[in-house]
Protein chains: 2
Amino acid sequence: MNTRLVVNYLSQIVLYFSLVFTIPLAAAIRYHEDVYAFAIPMAVCAFLGSIVYVISKPESDVAKYKEGYAIVGIGWLLIAIAGSIPYVYYSISPVDAFFEAMSGFTTTGATIIDRIEDLPKSLLLWRSLTQWLGGMGIVVLFVAIFPTLAKKSETLLQAEVPGLKVEKIKPRLKDTALRLYATYMLLTVLEIVLLYILGMSLYDAVNHTFTTLSTGGFSTHTESIAYFNSPAIEFVIFIFMILGGMNFVLIYLLLKGQTKFLRDTEFRFYMAILLLAGAIMTAINLERFELGESLRYSFFQVASIMTTTGYTTFDFDTWSDSARLLLLMLMFVGGSTGSTGGGIKVVRIYLLTVYSLGQILKSAEPRTARIVRLNDEVVDKETLHNITAFFTLYVLIFVLSTFLVSLTGLDMISSISAVSATINNVGPGLGAVGAAESYSSLSATAKLILAFNMWIGRLELFTVLSLFIPSFWRERW
Amino acid sequence: MNTRLVVNYLSQIVLYFSLVFTIPLAAAIRYHEDVYAFAIPMAVCAFLGSIVYVISKPESDVAKYKEGYAIVGIGWLLIAIAGSIPYVYYSISPVDAFFEAMSGFTTTGATIIDRIEDLPKSLLLWRSLTQWLGGMGIVVLFVAIFPTLAKKSETLLQAEVPGLKVEKIKPRLKDTALRLYATYMLLTVLEIVLLYILGMSLYDAVNHTFTTLSTGGFSTHTESIAYFNSPAIEFVIFIFMILGGMNFVLIYLLLKGQTKFLRDTEFRFYMAILLLAGAIMTAINLERFELGESLRYSFFQVASIMTTTGYTTFDFDTWSDSARLLLLMLMFVGGSTGSTGGGIKVVRIYLLTVYSLGQILKSAEPRTARIVRLNDEVVDKETLHNITAFFTLYVLIFVLSTFLVSLTGLDMISSISAVSATINNVGPGLGAVGAAESYSSLSATAKLILAFNMWIGRLELFTVLSLFIPSFWRERW
Ligand SMILES: [K+]
Ligand SMILES: [K+]
């Protein structure tokens, strides 16, 4: 482990991260709110970042997977800590502030704030911005913006971008990152304009765009999207949530007019699940809505939960248990590879299903060779085993976390759904952490366990869990 | 697929199965109850079995895995259908009767009978007997008893005995089966004697022995083991439940004085989980019991649920949510390979944990070779992949079944626990299917889904699921 290199990169991340506070600072000036809430963390990050940067000049610039893992894993934690300072400034307890910041940067959207509207506008903008930054991946942004980091750390993107492998549009990593970044920016501008045209204030349009594309789900209103009570706004957000849950490489290619990528297996499976689940949910909800309303609320909620955005237009916790179970299942499906969505990811669910069904026949006829294909290409065994191990670990952590959270006194459904909503980076759960509730009533221990789940869920388990294995830190192994 | 051979074996199974009805028939005579309840199914099985046997003489005696799968999978179903006739005779609806019979032969112990004591003694003995037969595996019994079947169908035992591989004590399959059968018989006699000495009636002692060793859990009392209110009886049952959840090969070797097998990894992991879970449960339950009571009720319930027996000495559904979640988790662990217990099985949980933890490091340092060992031997990759595929499929079926059951109108916790209690062959669940309730209130659809879960859970998924793949039935593939 090249520790000096890791520390040096982390100091650069913190240093550059200080610049991000200029945006809420500007908002604070504009809205005549307290500037110190952002000036203080900005100064702290700039000061600490530059000192550590100077004293930690690495002797070697050799970076392998594990250096990448350490930078991404610890970097995310440091940013969540730095990002919680504005909340602490506004008298929110450190644990709550850390929970809210981690929830932001991991694009989870679980909140400990009961009455959103009570907070200053600059703080709410900061809250939305954390998701927008987290969405595309802070590290990807840094890779794209600062070429010195990009050149040396090919592993960063591999560790960062959720999913299997970044499809190679161009061999150069920096180009890829820049293109994804441009795609993200373009969609951001587009959604702001659309929401503004449809009647949102510019402030609300910016905030909700920040938290739609990042599949984050923070809103500036306690009622979430239900506040606007506008089918048109809901439709635009519905479309952009689905875009947020798509592979951004695919969106980039679509924007360039290359529609053949719509035959992508993951995209088709993603759309198929969305449509099927939406139809089932609509049917289930016919017991309480007439058809038009059922379509409206069901499809929005299914897309919101499956893309792991977490917006609500209706308190789904009042729906039937089968509807709530369906939402719980969709949380684990999540978004596509290379999207901002969380969860296990569509391609993994697809491969797991095909692989395990194939094993049924293989067990009855051992000599059969079962081959799993994706987009007409054979998926190599190493990838399949990585995915099954990932899934196993995901389930084990989910089960263990649920039990630990329940030990803090939370009831069963709330515990199950709180862990589901955090490890999958969804946000709202059921029961005590339902759509009409917040995470404020939970104990500090429960909040820390859930924040841990957001962190490992967002970084695809392995990145963060590696850090807890002693041999990971050995010089050679 | 050698269909004629499959049909011929199935007819033999049904034919020999008719003999089993002599036991409840004798009980009916002894207790002056209706003999037709058992004479009728006996005649039906003998008649149909012998006719089909005669007309289905196979041309070839070649049996491979899939013939073994078909015989075991369909055989179990036929026996459950035949075994439900006595219930139907006593005016229980066909779906309920099928549920109860499948619950018996799969050693699940979920019941649709609300007041057990209302049933005739001969029928209750039949009910317990189905579990005793199912426990060691009807097919194993047939393999052991009827040499003609044993010689030709080495695959039968491999498809039948739960778990990975039957440890080879002797190369000859028949010998192995006979030894396991003798072990089972010996433990049966021993438990009957012990329970009788401790004050149970002979009738109760026989019934509860039948359902302890088989980790079945049916009782002759609605209150289950709580009825006896005897710490001594609870202790004996506690020990025999743990024996029932152990590998019978291990018990056989222990009975022969070979104690070195206590170093077996699975056995140690099994005991470690039991002790740890028992200790945690005792601690959780200190909020409602004093220490002595908490130890008594907690350890019994943990052993009962983890070995998938399902007896109760206390209505655990009144315990805290973390206690109930712990029980739910233990259901999935289940018994050991080659035991009568259900669930995923201890060795699989062990290998899944070790394997997936190893993959964390492998992802950070791809060149590392991660080797998984069991009893100092390297576990081959094929086995590991089979286990991960099994686990994936198990989770997928669990989730899908839970959703389907909830669609019949059952609430979330009841749906989750009903599927957990049936796919893992445990018996009692939580909520509407809790320890103090029965499955009688569920819809017919829900009962059939749950019976299906018992069936596939008992036969380790692949055996039964193969039957639903069209290409399985093709002549060559
Ligand atoms: K979210
Ligand atoms: K059972």
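**Entry 1: a term to start with.** I count a salt bridge when a side-chain nitrogen of Lys or Arg lies within 4 Å of a carboxyl oxygen of Asp or Glu. With that rule in hand, I remind myself that this is a predicted model.

**Entry 2: other salt bridges.** I searched the whole structure and found 18 salt bridges over all chains. In one of them, Arg288(B) pairs with Glu287(B), and the closest N and O atoms are 3.1 Å apart. Arg288(B) is partly exposed, because its relative accessibility is 36%, while Glu287(B) at 57% counts as exposed.

Next I looked at Glu460(B) and Arg348(B), whose side chains meet in a salt bridge at 2.7 Å, N to O. The two come from distant parts of the chain, 112 residues apart: Glu460(B) sits in the loop between helix 21 and helix 22 of chain B, and Arg348(B) in helix 18 of chain B. Are they buried or exposed? I find Glu460(B) buried at 7% relative accessibility and Arg348(B) buried at 4%. I also noted a network in which Asp317(A), Asp321(A) and Arg324(A) are joined by salt bridges that share partners.

**Entry 3: where the chains meet.** I turned to the interface, where 56 residues of chain A are in contact with 56 residues of chain B. The buried area comes to about 4,900 Å², and carbon and sulfur atoms give 76% of it. How many salt bridges cross between chain A and chain B? I found zero, though three residue pairs are in polar contact there.

Several helices of chain A each supply at least two residues to the side that touches chain B, among them helix 4 (65-83), helix 15 (265-285) and helix 19 (381-407). Helix 19 of chain A gives the largest share, 15 residues. Sorting this side of chain A by class, I get 33 nonpolar, 14 polar and nine charged residues.

**Entry 4: the potassium ion.** Which protein atoms hold the donor places around ligand 1? I list the O atoms of Thr107(A), Thr108(A), Thr215(A), Gly216(A), Thr308(A), Thr309(A), Asn425(A) and Val426(A), lying 2.5 to 2.8 Å from the potassium ion. Along the chain, their spacing reads T-T-x106-T-G-x91-T-T-x115-N-V. Thr308(A) lies in the loop between helix 16 and helix 17 of chain A and Asn425(A) in the loop between helix 20 and helix 21, so the pair ties together parts 117 residues apart in sequence. I find Thr308(A) buried, with a relative accessible area of 0%, and Asn425(A) is buried at 0% as well.

Terms used
Residues are numbered from 1 along each chain as its sequence is written. Chains are lettered from A and ligands numbered from 1 in the order in which they are written. This is a predicted model: local features need pLDDT of at least 70, side-chain atom pairs count only at pLDDT 80 or more; totals for chains, interfaces and linings use all residues. Side-chain values use heavy atoms; hydrogens and water are left out. Contact means heavy atoms within 4.5 Å. Buried area is the accessible area (1.4 Å probe) that two parts lose on being put together, summed over both. A polar contact is a pair of N or O atoms within 3.5 Å; within protein, one must be able to donate a hydrogen and the other to accept it, and residues adjacent in sequence count only if both atoms are side-chain atoms. Helices (H or I, at least four residues) and strands (E, at least two) are DSSP runs, numbered from the N terminus. Ala, Val, Leu, Ile, Met, Phe, Trp, Tyr, Cys and Pro count as nonpolar, Asp, Glu, Lys and Arg as charged, and the others, Gly among them, as polar. Donors are N, O and S atoms within 2.8 Å of the metal (3.2 Å for Na, K and Ca); water is not among the atoms, so sites may look incomplete. Buried means under 20% relative accessible area, exposed over 50%, partly exposed in between (1.4 Å probe, protein chains only).
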